[in-house]
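User: I am new to this structure and would like to learn how to read its features. Please take them one at a time.

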Amino acid sequence: MTAGLILSDTAHSEDGYRLWLRYDEIEDQVLLDHYTAYIKGYLFEGNSALIRSSENEMKAGLTGLLGRNIKEVKGLRGSGIVVAGTPGNSAIIRSLKLDSRLSGLGSEGYYITNARIKNKKIIVITANSDQGVLYGTF
């Protein structure tokens, strides 16, 4: 009976969102240093409510996992930027010509890849729809 009370207390200490998405700082120092060195900012292209939600989720996730604020950027001035959007709302993503990768994903699927644009290394989260971008961000 006591075990049930402990489990019950634990379940009530976090809401469903936190139980699903934990953005606790990465404890492995080598991995944390690697991610921190590689990820310098994020750029979400598009203006829909889903894109704004994706951007907010990225900010929360990176801040929690890396233990520091990762800044939103307005363009690709260097390597280490996470770029998210669809080919329809992002000239950067459109230039990568990922249509064949996206063709079978439907409206909810997403594609994440590393890319290089003008000698800048980036991480790309893309989809056929803003909904897919949101799912890819999670």
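Analyst: Helices (H or I, at least four residues) and strands (E, at least two) are DSSP runs, numbered from the N terminus. The model is predicted, so local features need pLDDT of at least 70 and side-chain atom pairs count only at pLDDT 80 or more, while totals for chains, interfaces and linings use all residues. Residues are numbered from 1 along each chain as its sequence is written, and side-chain values use heavy atoms, leaving out hydrogens and water.

User: Is Ser 54 buried or exposed?

Analyst: Buried means under 20% relative accessible area, exposed over 50%, and partly exposed in between (1.4 Å probe, protein chains only). Ser 54 is buried because its relative accessibility is 0%. In the protein, 41% of the 138 residues are buried.

User: What is Ser 54 in contact with, leaving aside its neighbours within four places in sequence?

Analyst: Contact means heavy atoms within 4.5 Å. On that basis Ser 54 touches Phe 44, Asp 130, Val 133, Leu 134 and Thr 137. A polar atom of the Ser 54 side chain lies 3.4 Å from the backbone nitrogen of Leu 134.

User: How many aromatic pairs does a search of the whole structure find?

Analyst: Rings of Phe, Tyr and Trp (its six-membered ring) pair if their centres lie within 6.5 Å; planes under 30 degrees apart count as stacked, over 60 as edge-to-face and the rest as tilted. The search finds one pair. It is edge-to-face, because the rings of Tyr 42 and Phe 44 have planes at 75°, with centres 6.1 Å apart. Tyr 42 is buried at 4% relative accessible area, and Phe 44 is buried at 5%.

User: Which residues lie nearest the centre of the largest pocket?

Analyst: Rolling a probe the size of a water molecule over the atoms shows where empty space is left. On a 1 Å grid over the protein atoms alone, a pocket is an open set of points where a 1.4 Å probe fits, with protein on both sides within 12 Å along at least five of seven lines; lining residues have an atom within 4 Å of a point. Here 17 residues line the largest pocket, and Ile 39, Met 58, Leu 62, Leu 65 and Thr 137 lie nearest its centre.

User: Which element supplies the largest share of that lining?

Analyst: H4 does, with six residues. Strand E5 (120-127) and helix H7 (130-137) are also among the elements that each supply at least two.

Methods
A polar contact is a pair of N or O atoms within 3.5 Å; within protein, one must be able to donate a hydrogen and the other to accept it, and residues adjacent in sequence count only if both atoms are side-chain atoms.
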